[in-house]
Amino acid sequence: MSKHNPSDIKLLVLDIDGTIAGQSNNLSKSVKQAIAAAQARGIQVAIATGRMYCSALRFHQEISSTLPLLAYQGAWIQDPSTQKIYRHLAVSREIAQQLLDYFEQSHLRSLLSVHFYINDQLYVRELTRESQLYAERSGITPIPVGDLRQVLTNEPTKVLALCDDTDVIHELLSNLRRQYTPAELYLTTSVATFLEATNALVSKGTAVGYLAEKLLGLQRANVMTIGDNFNDVEMLEYAGISVAMGNAPAAVKAIAQWVAPSVEEDGAAVAIEKFLLGVR
C-alpha cells in the first residue's frame, strides 16, 4: 500500500456495528469526540452500513453528519436532510424468488430466518428468536407475513438469511457464489451469522466512490474508511487510508493499511486521532 498523506483526507466513512457501536449498540463518548474533532477540522463524516436506512438514522444524527447516508451496503443512498434518494439498487424479483426457494428447501427451512427488506421495511415469514434479537438491536419492527412470496410484488433492497450456526452460513455463501456470478448478485457476510444478498452493482466500495467522486468531487486519496467485516472489504480497498478494527476477521485486517484496537477499546477514536488529528 502506498503512503498517503493524512492532510489529504476530506471524507471519513464509518461502518456502524463492530466499528463505532459495540455490544452496547451505542456510540461511546470518546468516539463521538474524535468524530466531532475531525469535523471541526473540515473533514466530512458519513456512515456506510449494512443496516436499514431507518435503523442507521440515529447514528447518522448522533454524529451530526451532513452527508447522505449509505445504507444496505450502499444499495440505498439517501440524504436525511432533504429526503432525496440518490441511489436505490434492488434485487430483481426473479432472483429474490430463487433465493427464497433455495432457503426454503426442507433441510434449510428450519435452520434459517429469512428477511426481505422492501421500501425500508423488514418482512419475515415468522418471528423467530434470531429475528426478534435482530429487530431489537436494529430498533425496528419486523412484519411477519407467512409466505414471503406475497411481498414480492416489489423488489427487495436486500435479502438476508440468519442462522446461529456459522458453518451453515459459510456453506450457503459458498453454494450461492457457485450459482450466481458477481455480475448477477453481490453476496457477503456482515457478521458471521448473516448472509446478505444485494444487487450486483452494490457494495460499500461503490457507494463510497459514488459519494466521494459524484457528490463531493473528491478522489480516493481524499477518503479514509474504517470497518470490521467482510462487507467493509470493498470500501477498505477503495480508500486512501483504510483501517480495520482489532475485532475484524484476519482476512479483513490483511486488506487494511492499519489495524486499530477493538470496538470495545474505542478503536475508531484511536484511528481518527492517529490519522486525522495528529495524536500519536
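Reader: Where is Ser 81 placed in this chain?

Author: In this predicted model, Ser 81 sits in the loop between β4 (76–78) and β5 (85–88).

Reader: What makes Ser 81 count as exposed?

Author: The relative accessible area of Ser 81 is 62%. Exposed requires a value over 50%, so Ser 81 is classed as exposed.

Reader: How do you know that the side chains of Ser 81 and Asp 79 make a polar contact?

Author: The two side chains approach to 2.7 Å. The cut-off for such a pair of N or O atoms is within 3.5 Å, and the contact between Ser 81 and Asp 79 is therefore counted.

Reader: Why is Ser 138 called buried?

Author: Ser 138 has a relative accessible area of 10%. Buried means under 20%, so the term applies to Ser 138. This residue belongs to helix α5 (residues 129–138). Apart from neighbours within four places in sequence, Ser 138 is in contact with Arg 51 and Ser 55.

Reader: Which domains does the assignment give, and how far apart are their C-alpha centres?

Author: The assignment gives domain 1 (6–88 + 202–277) and domain 2 (93–199). Their C-alpha centres are 24 Å apart. Domain 1 brings 22 residues to the contact, and domain 2 brings 18 residues.

Reader: How many salt bridges and polar contacts are found between the domains?

Author: The rule finds 1 salt bridge across the interface. The count of residue pairs in polar contact between domain 1 and domain 2 is 15. Helix α2 (residues 53–62) gives the most to the side of domain 1 that touches domain 2, namely 3 residues. That side of domain 1 comprises 9 nonpolar, 10 polar and 3 charged residues.

Reader: What makes the pair of Arg 137 and Asp 17 a salt bridge?

Author: Their side chains meet at 3.0 Å, N to O. A salt bridge needs this distance to be within 4 Å, so the pair of Arg 137 and Asp 17 qualifies.

Reader: Why is Lys 32 called partly exposed?

Author: The relative accessibility of Lys 32 is 33%. Buried means under 20% and exposed over 50%; Lys 32 therefore counts as partly exposed. Glu 62, at 30%, is also partly exposed.

Reader: How do you know that Asp 232 and Lys 204 form a salt bridge?

Author: The N to O distance between their side chains is 2.6 Å. With the limit set at within 4 Å, the pair of Asp 232 and Lys 204 therefore meets the rule. Asp 232 lies in the loop between β12 (223–227) and α8 (233–238), and Lys 204 in helix α7 (residues 204–215). Both Asp 232 and Lys 204 are buried.

Note on methods. Residues are numbered from 1 along each chain as its sequence is written. This is a predicted model: local features need pLDDT of at least 70, side-chain atom pairs count only at pLDDT 80 or more; totals for chains, interfaces and linings use all residues. Side-chain values use heavy atoms; hydrogens and water are left out. Domain bounds come from an automatic or database domain assignment. Contact means heavy atoms within 4.5 Å. A polar contact is a pair of N or O atoms within 3.5 Å; within protein, one must be able to donate a hydrogen and the other to accept it, and residues adjacent in sequence count only if both atoms are side-chain atoms. Helices (H or I, at least four residues) and strands (E, at least two) are DSSP runs, numbered from the N terminus. Ala, Val, Leu, Ile, Met, Phe, Trp, Tyr, Cys and Pro count as nonpolar, Asp, Glu, Lys and Arg as charged, and the others, Gly among them, as polar. Buried means under 20% relative accessible area, exposed over 50%, partly exposed in between (1.4 Å probe, protein chains only).
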